[in-house]
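Trainee: I would like to learn how to read the features of a protein model, one after another. Could you take me through an example?

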Amino acid sequence: MKSVYPQGEDRMEAPPPSAPAIPSLHEDLVLQEQMRRLHNTRARQRAARHHRAGR
């Protein structure tokens, strides 16, 4: 197979794409805690708004 770029060119002007940053375990746990609290807050507000609304 023929190479796309001439052999004399190393094409160093464009850096290779870096792998996406993998969040650490601690960051993941903090994010989970924040999402859980947000979910609980919204659930409480929803329950307060619709308390026995259908009865």
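This is a predicted model: local features need pLDDT of at least 70, side-chain atom pairs count only at pLDDT 80 or more; totals for chains, interfaces and linings use all residues.

Trainee: Which residues form a nonpolar patch on the surface here?

Mentor: The nonpolar patch consists of Leu 31, Met 35 and Leu 38, which together have about 280 Å² of accessible area. Leu 31 has its place in helix α1, which covers residues 25-49, and with a relative accessible area of 45% Leu 31 is partly exposed.

Trainee: How many helices and strands does the protein have, and what share of the residues counts as buried?

Mentor: The protein has 1 helix and 0 strands, and of its 55 residues 0% count as buried. The accessible surface of the protein comes to about 5900 Å², and 58% of that surface belongs to carbon and sulfur atoms.

Trainee: How should I read a salt bridge, and how many does the structure hold?

Mentor: The general idea is that side chains of opposite charge can pair when their charged atoms come close. The structure holds 2 salt bridges. In one of them, Glu 33 pairs with Arg 36, and their closest N and O atoms are 2.7 Å apart; in another, the side chains of Glu 33 and Arg 37 meet at 3.0 Å, N to O.

Trainee: Is Arg 37 buried or exposed, and what links the three residues?

Mentor: Arg 37 is exposed, at a relative accessible area of 55%, whereas Arg 36 counts as partly exposed at 43% and Glu 33 is partly exposed at 28%. A network of salt bridges links Glu 33, Arg 36 and Arg 37.

Notes. Residues are numbered from 1 along each chain as its sequence is written. Side-chain values use heavy atoms; hydrogens and water are left out. Helices (H or I, at least four residues) and strands (E, at least two) are DSSP runs, numbered from the N terminus. Buried means under 20% relative accessible area, exposed over 50%, partly exposed in between (1.4 Å probe, protein chains only). Accessible areas come from the Shrake-Rupley method with a 1.4 Å probe; for residues, only the protein chains shown count as cover. Patches are made of residues with over 30% relative accessible area and no salt bridge: like charges are joined within 9 Å, nonpolar side chains (Val, Leu, Ile, Met, Phe, Trp, Tyr) within 5 Å. A salt bridge is a side-chain nitrogen of Lys or Arg within 4 Å of a carboxyl oxygen of Asp or Glu.
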